[in-house]
Amino acid sequence: MAIETPGKRFGKRLRKSKVFGHGHAAHKSTNADLLITPLVDMFVIIVLFLIANFSATGEILNMTKDIQLPTATHVDELELAPVIMISNDDIIINGAAVARVADLSRDDYVTIPALEEKLREQKKETEELHALANDGTAFKGVVNIQGNKDIPFRIIKRVMFSCQGGGYGNINFAVLRGSTGPGGEKTASLP
Amino acid sequence: MAGGMDLGDGKGPKKPLDATINLVPFIDLMAVTISFLIMTAVWTQIGRLQVSGGGGDGDPTPEKDDKTVPVTLLLSEKDLRLTVGTSTFDPIPIVRDAKQQIDLTRLTERFKDVKEKLGPDQTAITVQTEDAVRYEDLVHVIDECIGDGFPSVSVAPVST
């Protein structure tokens with residue numbers, strides 16, 4: 001008896017079957033060519049789309065669920081600057097909470113002393129760094145306020161006064177970039 | 001054979017005319033680029049509205065031009081009151097749409113009248129805001145001011 005390669009061996013009845021046996025289909029080549037052209041086309045489109053959306057400044061703001069930004073249309077590019085986050089509960093600067101919103105509603109100060117102190121420290125550090133680097137650029141005093149859209153102005157007002165007290169007079173409100181629809185309504189790029 | 005196409009002399013093997021471009025390095029490069037761009041992509045489009053606050057010891061404000069007139073918009077929970085110099089316009093009651101945004105159509109019309117009267121040099125406006133006004137409404141009004149030709153927006157509290 002001849003030695004056969006391992007594998008399925010069908011009976012006489014099925015040997016000439018196109019499905020199971022060595023019928024006509026068995027003579028077809030088993031090598032299948034992959035079409036690379038659509039793949040390359042898709043890659044090119046994806047690369048172009050991603051390059052069009054590319055932002056050299058990166059993520060300046062740390063987006064959280066607690067803070068929902070308002071939407072605006074006539075906006076400029078966000079600058080790299082200290083960020084003050086105002087949620088419904090806390091006021092945070094550079095990741096550290098400096099005040100609680102509930103406490104601010106009770107007292108009658110114009111500013112937030114802890115925030116003002118932090119900003120003064122930051123201004124001093126920045127100016128020292130610029131002096132060491134001897135780059136000759138003046139301190140611009142730019143600060144970004146990332147506030148929840150439901151915060152009342154009495155809190156925003158105190159944050160703004162604190163910024164000015166701390167030497168940061170150029171205040172930017174961070175907003176979601178919206179687009180004006182055909183009916184004049186504004187739509188945000190992301191909720 | 002002069003002046004004719006070179007058809008070969010029949011000697012030696014014929015070279016194939018089709019050139020095959022190796023696409024594998026190209027696909028590798030594409031894959032790496034796509035991975036890099038996806039990792040560094042910023043999906044949320046965020047911008048800024050620059051405002052200047054009233055008071056404090058921040059940057060010194062530029063000297064006021066004699067040609068311009070102080071334009072003030074008082075923003076409260078109920079209405080908007082526009083004041084140009086010494087003249088005050090009728091208050092605009094706040095009407096909200098389905099998305100709870102303030103309808104600023106009437107304010108836009110009023111801004112157009114003001115810009116026609118004062119000319120393009122008038123770029124400064126002060127938005128006086130009451131304490132209870134929501135931040136979203138304030139941003140909406142500032143956005144409208146910038147869009148209607150008042151890019152130098154100052155935000156101040158209502159003086160009591």
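**Close-up views of chains A and B**

**View 1. The contact between chain A and chain B.** In this predicted model, 51 residues of chain A are in contact with 42 residues of chain B, contact being counted where the C-beta atoms of two residues, placed from the backbone, lie within 7 Å. On the side of chain A that touches chain B, at least two residues each come from α2 (37-52), β2 (76-77), β6 (142-147), α5 (153-165) and β7 (170-180); helices (H or I, at least four residues) and strands (E, at least two) are DSSP runs numbered from the N terminus. Sorted by class, this side of chain A holds 28 nonpolar, 15 polar and eight charged residues, where Ala, Val, Leu, Ile, Met, Phe, Trp, Tyr, Cys and Pro count as nonpolar, Asp, Glu, Lys and Arg as charged, and the others, Gly among them, as polar.

**View 2. Strand pairing between the chains.** Two bridges link β2(A) with strand β1 (residues 46-53) of chain B in the antiparallel sense, and two strands are said to pair if DSSP finds at least two bridges between them. Here Glu77(A) lies opposite Gly47(B) in β1(B).

**View 3. Strand β3 of chain A and its partners.** Strand β3 (residues 83-86) of chain A runs parallel to β6(A), to which four bridges join it, and Ile84(A) faces Ile145(A) in β6(A). With strand β4 (residues 90-93) of chain A, β3(A) pairs in the antiparallel sense over three bridges, Met85(A) having Ile92(A) in β4(A) as its bridge partner, and a hairpin of three residues connects β3(A) to β4(A).

**Conventions.** Residues are numbered from 1 along each chain as its sequence is written, while chains are lettered from A and ligands numbered from 1 in the order in which they are written. Local features need pLDDT of at least 70, side-chain atom pairs count only at pLDDT 80 or more, and totals for chains, interfaces and linings use all residues.
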